[in-house]
Amino acid sequence: MSTGSTATIEVTPEEKALYDRQIRLWGVETQKSLRNSKILVAGLGGLGGEVCKNIVLVGVKSVTILDEEREVGEVDKESQFLIDGPIGCNRAEASIKRLSVLNPNVDIRIDRGSLADKSAEYLKSFDVICVTCCSTSVLGIVSELAHRNDLKFFCGDVFGWSGYFFSDLGRHEFVEKSAVIPEVSFEAKTDGSVSRKRSCSEGGDGEPHRKRRAFGLQNGGAGTYRGSTGGAGSTGDGGSTGGAGSTGD
């Protein structure tokens, strides 16, 4: 949740050393964006606990954990590794101690309220909203509000061996290296032996290309997805659309 300050946080030399491996992957500017991100995670079951752990370790600005007044049960003690409290206490309260130890640089806050009761202004104070352990009706409301206000939205849940995941990143641009797919052919020789030839004419060229993804809302909230790819500066279009949760390529 917002800390009340709009000042941009710079990545310190100490943090550059701490996050060295991931900075090598995505660069200092991306780490700076992460360092200034405010995240809401609603639902502290097994999946929510894992999401919180990964977000805190990556080094964001703040994480607010909200658990809709749910209480720790026997299942939580077995499936949610952040739980450090007795059965019956709030799951967010029981998770903050171990979560805080993972990365002292991240401001972690507890919200014991219900996601269904939160106002639009409350949700708009975050950059990213992650939701699990939630009804489909509330998911629909939060998802649409996030989309209208250009907030990144993720939701998912696990049911035994099954689960689902949905994301709405609005208009999202990124650079990705295209894969080079080797082509292998065989040629029979007159002496009965077989020679193997390999080329890289199939697939991409191995060079970075700018890609764009756009997620939309149509037909009363049904999710759609459009994508475009091409070289740097490309504005080509392509993609597919579908019902809620569809992600065509």
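**Exercise 1.** With which residue does Asp-76 form a salt bridge, and how far apart are the closest N and O atoms? Then decide whether the two partners are buried or exposed.

*Solution.* Keep in mind that you are looking at a predicted model.

- Step 1: The partner of Asp-76 is Arg-91, and their closest N and O atoms are 2.8 Å apart.
- Step 2: Now place the two residues along the chain. Asp-76 belongs to helix H4 (residues 74-79) and Arg-91 to helix H5 (residues 91-102), so this pair, 15 residues apart, links distant parts of the chain.
- Step 3: Buried means under 20% relative accessible area. Asp-76 has 8%, so Asp-76 is buried. Arg-91 has 7%, so Arg-91 is buried too.
- Step 4: Look for shared partners. Salt bridges join Asp-67, Asp-76 and Arg-91 into one network.

**Exercise 2.** Find the helix that holds both Asp-20 and Arg-24, and describe their pairing.

*Solution.* Start with a general idea: side chains of opposite charge can pair when their charged atoms come close.

- Step 1: Asp-20 and Arg-24 form a salt bridge, with 2.7 Å between the closest N and O atoms.
- Step 2: Both residues lie in helix H2 (residues 20-35), and their spacing of four residues is about one turn of the helix.
- Step 3: Check the accessibility. Asp-20, at 30%, is partly exposed, while Arg-24, at 67%, is exposed.

**Exercise 3.** How many aromatic pairs does a search of the whole structure find? Classify the pair Phe-159 and Tyr-164.

*Solution.* 

- Step 1: The search finds four aromatic pairs.
- Step 2: In one of them, the ring centres of Phe-159 and Tyr-164 are 6.5 Å apart and the planes meet at 15 degrees. Planes under 30 degrees apart count as stacked, so this pair is stacked.
- Step 3: Phe-159 is exposed at 51% relative accessibility, whereas Tyr-164 is partly exposed at 34%.

Notes
Residues are numbered from 1 along each chain as its sequence is written. This is a predicted model: local features need pLDDT of at least 70, side-chain atom pairs count only at pLDDT 80 or more; totals for chains, interfaces and linings use all residues. Side-chain values use heavy atoms; hydrogens and water are left out. Rings of Phe, Tyr and Trp (its six-membered ring) pair if their centres lie within 6.5 Å; planes under 30 degrees apart count as stacked, over 60 as edge-to-face and the rest as tilted. Buried means under 20% relative accessible area, exposed over 50%, partly exposed in between (1.4 Å probe, protein chains only). A salt bridge is a side-chain nitrogen of Lys or Arg within 4 Å of a carboxyl oxygen of Asp or Glu. Helices (H or I, at least four residues) and strands (E, at least two) are DSSP runs, numbered from the N terminus.
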